[in-house]
Amino acid sequence: MAKQSEENKREARKQKQNERMRRHIVICPHCGKEVLDHMTECPHCKGELTPAGYRPPDEKTLRKVKRVCLIVGVIVAVGIVLAILLSK
């Protein structure tokens with residue numbers, strides 16, 4: 001009885017995993033075969049694919065991110081230097 005219950009749980013887990021995987025499958029527009037939605041190149045025909053939900057960041061956003069990272073880095077560096085100087 002316990003063995004059958006464990007087998008049922010395993011089968012249910014496997015089915016749930018397959019359902020999650022099916023959500024990420026799309027059809028290649030070049031060859032018509034199934035591929036995952038995050039791929040940039042079809043593994044079957046080597047055709048170029050556009051990943052679902054992917055947009056390359058624009059230059060303005062990249063500049064903002066770089067600026068924020070630089071500011072945070074400088075603040076952390078100054079804090080470390082001050083902590084070292086004040087601990088002496």
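Guide: The conversation below goes through some features of this model, which is a predicted one.

Visitor: How many salt bridges does the structure hold?
Guide: The structure holds one salt bridge. It is formed by E34 and R22, whose closest N and O atoms are 3.0 Å apart.

Visitor: Which parts does that pair tie together?
Guide: E34 belongs to strand β2 and R22 to helix α1 (residues 2-22), so the pair ties together parts that are twelve residues apart in sequence.

Visitor: Are those two buried or exposed, or in between?
Guide: E34 is partly exposed, at a relative accessible area of 41%. R22 also counts as partly exposed, with 48% relative accessibility.

Visitor: Now to D37. Where is it found?
Guide: D37 sits in the loop between β2 (34-36) and α2 (59-86).

Visitor: Which side chain of opposite charge is nearest to D37?
Guide: That is R23, at a distance of 9.2 Å. D37 is buried yet has no salt bridge. A salt bridge requires the nitrogen and oxygen atoms to be within 4 Å.

Visitor: And what does D37 touch?
Guide: Leaving aside residues up to four places away in sequence, D37 touches R23, H24, V26, P51 and A52.

Visitor: How far apart are T50 and D37?
Guide: In sequence they are 13 residues apart, and in space their C-alpha atoms are 8.3 Å apart. T50 is found in the loop between β2 and α2. T50 counts as exposed, at 69% relative accessibility, whereas D37 is buried.

Visitor: What is the phi of K46?
Guide: The phi of K46 is near 65°, a positive value in a residue other than glycine.

Visitor: Why point that out?
Guide: Most residues other than glycine have a negative phi. As for its location, K46 is found in the loop between β2 and α2, and K46 counts as exposed at 53% relative accessibility.

Visitor: Is V68 buried or exposed?
Guide: V68 is exposed, since its relative accessible area is 51% and the exposed class begins over 50%.

Terms used:
Residues are numbered from 1 along each chain as its sequence is written. This is a predicted model: local features need pLDDT of at least 70, side-chain atom pairs count only at pLDDT 80 or more; totals for chains, interfaces and linings use all residues. Side-chain values use heavy atoms; hydrogens and water are left out. Helices (H or I, at least four residues) and strands (E, at least two) are DSSP runs, numbered from the N terminus. Buried means under 20% relative accessible area, exposed over 50%, partly exposed in between (1.4 Å probe, protein chains only). Lys and Arg count as positive and Asp and Glu as negative; His and the chain ends are not counted. Contact means heavy atoms within 4.5 Å.
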